[in-house]
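Hello,

Here is the structure we talked about handing over. My notes on what turned up follow below it.

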Amino acid sequence: MLRTALLLLALALATPAAALDLERLVENLSPEQRARYAVFEDFTIHGICGSKELELARDFGVNTIRNYTIKLENNETKNLLDRAHALGLKVIVSEWMPHQGENKGEHGPWNFDYTKNVEQRLAAFEEKVIALGDHPAILMWGLGNEVHLDPEYLVYVNKLSELIHRHQPLAITSLTMINAKPEHIERIKQHAPDLDVIGVQSYSPGAVRGGIRNMEEHWQKPYYYSEFNGKGPWNFNKTDWGQAHEDLSNARVADIHRSYDDIEAAPRCLGSTIFVWGHFNMNRPSYFSLLLSPHPEGPAAEQDTDLAGSYPLITPNAEVLAERFLGEVPGSNRAPRITALTFHNNQRALSAAPGEPIGVVVEATDANRDTLRTVAWVIDNRAGRARAVAGPFEGDRRGRIRFDAPAEPSDRYLVIAYVLDDQGGAAASTLPLQVRPAGPSARAR
């Protein structure tokens, strides 16, 4: 207990990161390439993935945002750049790009070939480069997000990078990759030599640390962490029916702090953009959302409930950014933290019959000693996004919540519990719930 208390105290007193060592950063670059990094003489990327709630992000010490697509229609990206610049924010402006070969789409799989219609596609991209120009908000150009590193894609990325540099010699070009396998780094060096920066995307402190080690050894040029957070669903232990358990608030906060420790200590790392600044309901909202809606499907869905107007709720994970970038969280309120979440039988997972009464117990702490409110939903994540099946169910003053299991059997249910301080702060976590098919044989399992 004492060790935990000391760790939390140290994290709470974290100071803003120091500036980059520019000479070390550019030691392996040509004079022409070095000139592109002048901005980093007194700048480190303290960033987020996402382009909403920008005033709030700025107030939490964020200086950079990363978007995922360039849209000239209705000046969408230009307006984003203007808005960011007015707030003193930089933008990693990114072009969405498909995989070479088969891609998965809403209406089924489809194919793409980077070796066809090359000149036509280069001309279309050049229009975007010209339209956005040397906008002062642009920090870096991103060429795809987690695209499979096939040679065809990388050769095309090299053409895009060269095109950008023809128009903007001081521009920085980048792509993103999952983790940082040495063989993938070598493939990028071979097929996209004009590229300036690699963005690395990995989740959990161990994965971040391993990625940094490989980038320092094999890339030896500037890079940044383009996505990271605490552990992802693939890192957690799973139930007998394959649903992932989830860490609670303090563990997730500690994971994020540990990742920042390694990112800030890496000699050639330009900084990071944490995923994601907003309510993200892919799989389950509690995994990656730095801001929460009390409706698992997001802010638009909460309008149909008495929870309307709650978004954005500040999470303990979001407060980490202000602690790292500013040294303190703005304002006096602190988000609550879930310290224990179990079913009534003190288990972290439950297999129930259709319609069976269920109890959930939520324990939480709040630094401001606010009166806390608990709300739970049953969600289904079979489609990859959280879909509310039942709720909201309000808890009593002791955090006890009661409801009946859904009538439809499924291995993909989750109970998502929110703790709200009604001062703009919230925490959320989940419990795996299986509803077995009805019948004697099912009950006997």
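The largest nonpolar core has 69 residues, and Trp141 and Ile188 touch the most other members. A nonpolar core here is a set of buried Ala, Val, Leu, Ile, Met, Phe, Trp, Tyr and Cys residues joined through side-chain atoms within 4.5 Å. Buried means under 20% relative accessible area, exposed means over 50%, and partly exposed is in between (1.4 Å probe, protein chains only). Helix H7 (residues 151-167) gives this core its largest share, seven residues. Helices (H or I, at least four residues) and strands (E, at least two) are DSSP runs, numbered from the N terminus. Another core, of 22 residues, lies apart from the largest one; Leu248, Leu341, Ala427 and Val435 are among its members.

Leaving aside neighbours within four places in sequence, Ile188 is in contact (heavy atoms within 4.5 Å) with Leu149, Leu154, Leu175, Met177, Pro193, Leu195, Ile198 and Trp219.

Before going on, the ground rules. This is a predicted model: local features need pLDDT of at least 70, side-chain atom pairs count only at pLDDT 80 or more, and totals for chains, interfaces and linings use all residues. Residues are numbered from 1 along each chain as its sequence is written, and side-chain values use heavy atoms, with hydrogens and water left out.

Next, a hairpin. Strands E16 (residues 373-380) and E17 (residues 387-394) pair in the antiparallel sense over five bridges; pairing needs at least two DSSP bridges between two strands. Val378 stands opposite Ala390 in E17. Six residues lie between the strands of this hairpin, and Gly384 takes a positive phi near 90°. E17 also holds Pro392. The peptide bond from Gly391 to Pro392 is cis, with omega near 5°.

There is a cis bond at Pro312 too. The peptide bond from Tyr311 to Pro312 has omega near 0°. Pro312 sits in the loop between helix H12 (299-302) and strand E12 (313-314).

Glu146 has a phi of about 55°. Its place is the loop between strand E6 (138-143) and H7. Glu146 is partly exposed, with a relative accessible area of 25%. Asp422 has a positive phi of about 60°, and is not a glycine either. Asp422 is in the loop between strand E19 (410-420) and strand E20 (426-435).

Arg337 is buried and has no salt bridge, and the nearest side chain of opposite charge, Glu323, is 4.8 Å away. A salt bridge needs a side-chain nitrogen of Lys or Arg within 4 Å of a carboxyl oxygen of Asp or Glu. For charge, Lys and Arg count as positive and Asp and Glu as negative; His and the chain ends are not counted. The side chains of Arg337 and Asn250 are joined by a polar contact of 2.9 Å.A polar contact is a pair of N or O atoms within 3.5 Å; within protein, one must be able to donate a hydrogen and the other to accept it, and residues adjacent in sequence count only if both atoms are side-chain atoms.

Last, Glu356. Glu356 is in the loop between strand E14 (350-352) and strand E15 (357-365). The side chain of Glu356 reaches the backbone nitrogen of Ala353 at 2.9 Å.

Best wishes
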